[in-house]
Amino acid sequence: MNKNLISLQTIVRKEVVRFIRIWSQTLLPPAITMTLYFIIFGKLIGSQIHSIHDYSYMEYIVPGLVMMSIMTNAYANTSSSFFGSKFNRSIEEMLVSSMPSIVILLGFMVGGVLRGLVVGVVVVLVSLFFTHLKIQHPGLVFMIALLAAMVFSLGGLINGIFAKKFDDVSFIPTFVLTPLTYLGGVFYSIKQLPEFWQNISLLNPVLSIVDTFRFGILGTSDLNIYYGLSLVVSLFFVLFFWCWWLLSRGAGVRT
Amino acid sequence: MKALSVKNLRKVYSTGLEALKGIDLDVEEGDFFALLGQNGAGKSTAIGILCSLVNKTSGTVKVFGHDLDHELRAVKDCIGVVPQEMNFSIFEKVKDILINQAGYYGIPRKIAETRAEFYLKKMGIWEKRDQIALRLSGGMKRRLMIARALINEPRLLILDEPTAGVDIELRHSLWQFLKELNEKGTTIILTTHYLEEAEYLCKHLAIIHHGKLIEQSNMKELVNRLHVQTIILDLKNPLFETPALQNYPVHRVDDVTLEVEINKNQSINDLYEKLNQAGVTVIGMRNKVNRLEELFVKLIAKNKGTTSHE
């Protein structure tokens with residue numbers, strides 16, 4: 001087997017073993033949080049809310065919550081794992097080896113993608129206790145889930161590269177990602193907003209990702225799905241090359 | 001062939017600190033080479049550059065003819081490094097640390113498992129293979145790092161203070177292992193604060209002081225440069241006066257211990273003859289300080305004047 005493939009496989013295996021080993025920190029919390037969302041927002045509050053685009057509120061929020069879990073977990077995996085490796089200096093094991101920086105990038109990214117997708121599947125399974133899901137466009141659902149997981153994995157990796165202390169790892173998720181996600185149409189349709197706020201919302205990339213994912217599952221959307229797809233693909237390339245450039249220069253890891 | 005060739009290597013940190021001020025260094029293939037210097041002299045920076053954990057400011061580095069700037073992968077394939085501080089995840093199993101390291105080098109898992117078993121056995125920690133690294137003692141962690149550095153079977157092994165904080169028994173077994181490894185053809189570069197370790201193991205040495213190379217020579221030649229050495233003699237019978245030994249300055253430490261200075265033109269036989277004539281019976285003899293240590297201190301002191309002006 002090609003040397004780079006062996007190296008890639010090693011990082012991916014290590015990442016998967018890591019997030020499975022600490023399943024009570026990685027897989028269980030999203031399952032519990034999303035169960036609470038489904039009960040409180042979907043059942044209790046949702047029963048008081050009119051249908052949106054002819055779907056019950058529960059049905060409407062499921063795609064957004066699944067996508068929210070994928071994005072936040074993909075991000076958290078790479079940011080915490082990479083920063084953790086920097087903190088305990090085990091990142092040096094990779095840096096002194098003959099593995100190229102692109103393989104390090106791909107290894108961490110795939111690790112984040114797998115955690116994001118595993119959590120996504122867990123949340124889908126939890127949602128089945130509360131509603132029926134009939135996926136309209138399975139190919140699109142898989143594609144946008146994969147692309148979103150890749151984009152947020154790379155985002156987390158960049159966060160991990162720049163982070164100097166543990167606070168830096170939680171800063172972006174708390175002050176940037178969470179507001180963007182909550183304002184990204186997970187719980188409402190932007191059609192319910194005044195026109196001004198609809199236009200402002202279009203600047204939020206999470207909205208396009210959630211909306212495209214929702215279209216894949218329910219077959220209804222507020223935006224043009226090609227806009228969402230092209231945005232996420234563009235984001236992927238920008239973050240990928242930025243990340244590659246940072247790792248090649250040894251940013252945050254080499255003196 | 002040169003295992004390592006460094007030309008005009010400079011490192012200026014973003015703080016403005018010039019850690020390396022243009023050093024030239026050559027290490028021949030098969031050598032056991034000591035890189036010595038005080039704390040902060042620039043040894044770890046130099047090693048960091050060799051294993052690409054530190055970006056150099058200028059200069060060239062070649063490892064077995066491969067240029068660090070243009071053939072990084074080939075350079076890294078030749079090197080194994082044992083850092084000064086622990087740099088593995090303490091939550092990983094001992095065996096996994098080695099197998100993963102092999103994986104980073106692109107070594108297939110089956111071969112990695114065989115090598116991991118071999119080196120863990122060699123280092124005497126095979127029975128700890130399924131424990132997480134957190135549970136290892138300090139000495140075992142050091143041995144683990146040595147085993148990990150060997151997993152890619154490097155031609156050049158760099159050890160940054162490998163025996164710091166290691167007990168005497170383990171230190172001696174590591175010395176033995178490193179000697180065997182060197183005899184089998186692995187070039188070894190060692191930094192250490194234990195100068196008797198360097199003198200015992202190494203064939204050549206270089207001394208870095210304030211980022212400059214102030215000495216690079218053959219170990220034996222350097223030690224021979226020592227003009228005067230002080231030896232300590234343990235006596236069988238107590239002496240209540242300092243004996244007069246012609247041409248040998250003597251200092252009575254206590255009733256049963258003498259310190260005698262011998263210059264390089266005098267012989268121990270001659271000293272013993274004079275001691276016999278004086279009726280002194282010696283039951284033990286040792287150097288007051290390690291010979292290399294004596295030279296090291298002198299070289300550093302000599303260079304203090306020149307570097308302090310910079």
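Predicted model: local features only at pLDDT ≥ 70, side-chain atom pairs only at ≥ 80, totals over all residues.
Colleague: OK. Give me chain B first. How many helices and strands does chain B have?

Modeller: There are 10 helices and 14 strands in chain B. Its C-alpha trace spans about 70 × 50 × 35 Å along the principal axes.

Colleague: And what share of chain B counts as buried?

Modeller: 40% of the 310 residues of chain B.

Colleague: What about contacts in chain B between residues 24 or more positions apart?

Modeller: Taking the contacts in chain B with a separation of 6 or more, 68% of them join residues 24 or more positions apart.

Colleague: Which domains does the assignment give for chain B?

Modeller: Domain 1 covers 2-220 and domain 2 covers 225-291, according to the domain assignment. The C-alpha centres of these two domains of chain B are 40 Å apart.

Colleague: Let's look at H1(B). Is H1(B) mostly covered or mostly open?

Modeller: Mostly covered: eight of its eight residues are buried. The buried residues in H1(B) are Lys43(B), Ser44(B), Thr45(B), Ala46(B), Ile47(B), Gly48(B), Ile49(B) and Leu50(B).

Colleague: Why flag a positive phi?

Modeller: Because most residues other than glycine have a negative phi. Ser52(B) has a positive one and is a residue other than glycine.

Colleague: Why does Ser52(B) count as buried?

Modeller: Ser52(B) counts as buried because 22 C-beta neighbours lie inside 10 Å, and the cut-off for buried is 20 or more.

Colleague: Which value does phi of Glu161(B) take?

Modeller: Near 50°, again positive in a residue other than glycine. Glu161(B) sits in the loop between strand S7 (156-160) and helix H6 (168-183) of chain B.

Colleague: Is Glu161(B) buried or exposed?

Modeller: Buried, because Glu161(B) has 20 other C-beta atoms within 10 Å.

Colleague: Switching to the interface. How many residues of chain B are in contact with chain A?

Modeller: 24 residues of chain B, and they are in contact with 23 residues of chain A. Helix H2 (72-78) and helix H3 (94-104) of chain B each supply at least two residues of the side of chain B that touches chain A. The largest share of that side, four residues, comes from H3(B).

Colleague: How do the residues on the side of chain B that touches chain A divide by class?

Modeller: Into 12 nonpolar, nine polar and three charged.

Colleague: Now chain A. How do H1(A) and H6(A) cross?

Modeller: The axes of helix H1 (residues 3-21) of chain A and H6(A) come within 8 Å and cross at roughly 35°. That crossing of H1(A) and H6(A) is right-handed.

Colleague: Which residues meet there?

Modeller: From H1(A), residues including Leu8(A), Ile11(A), Val12(A) and Phe19(A). From H6(A), residues including Leu106(A), Phe108(A), Val110(A) and Leu114(A). The residues of the contact of H1(A) with H6(A) divide into 11 nonpolar, four polar and two charged.

Colleague: And H3(A) with H6(A), how do they cross?

Modeller: The axes of helix H3 (residues 28-45) of chain A and H6(A) come within 9 Å and cross at roughly 35°. H3(A) also makes a right-handed crossing with H6(A). Pro30(A), Ala31(A), Met34(A), Thr35(A) and Phe38(A) in H3(A) meet Val119(A), Val122(A), Val123(A), Val126(A) and Ser127(A) in H6(A). By class, the contact of H3(A) with H6(A) has eight nonpolar, two polar and no charged residues.

Colleague: What about H11(A), how far does it reach?

Modeller: Helix H11 (residues 225-249) of chain A has 25 residues and reaches 36 Å from its first C-alpha to its last, close to the 36 Å expected at 1.5 Å a residue.

Colleague: Which residues in H11(A) are buried, and what covers them?

Modeller: Gly228(A), Val232(A), Leu235(A), Cys243(A) and Leu247(A) are buried. The cover includes helix H6 (101-127), helix H7 (138-162) and helix H10 (205-218) of chain A. Just after H11(A), Gly250(A) takes a positive phi of about 80°.

Colleague: Last one: where is Leu193(A)?

Modeller: Leu193(A) is in the loop between helix H8 (166-182) and helix H9 (195-201) of chain A. Leu193(A) is partly exposed, with 16 other C-beta atoms within 10 Å.

Technical notes:
Residues numbered from 1 in each chain as written. Chains lettered and ligands numbered in written order. Buried ≥ 20, exposed ≤ 12 C-beta atoms within 10 Å, placed from the backbone. Expected span 1.5 Å × (residues − 1). Contact = placed C-beta atoms within 7 Å. Domains from an automatic or database assignment. Nonpolar A, V, L, I, M, F, W, Y, C, P; charged D, E, K, R; others polar. Axes fitted to C-alpha atoms, helices over the stretch in contact; angles between N-to-C directions. Left-handed = near helix turned anticlockwise from the far one by under 90°.
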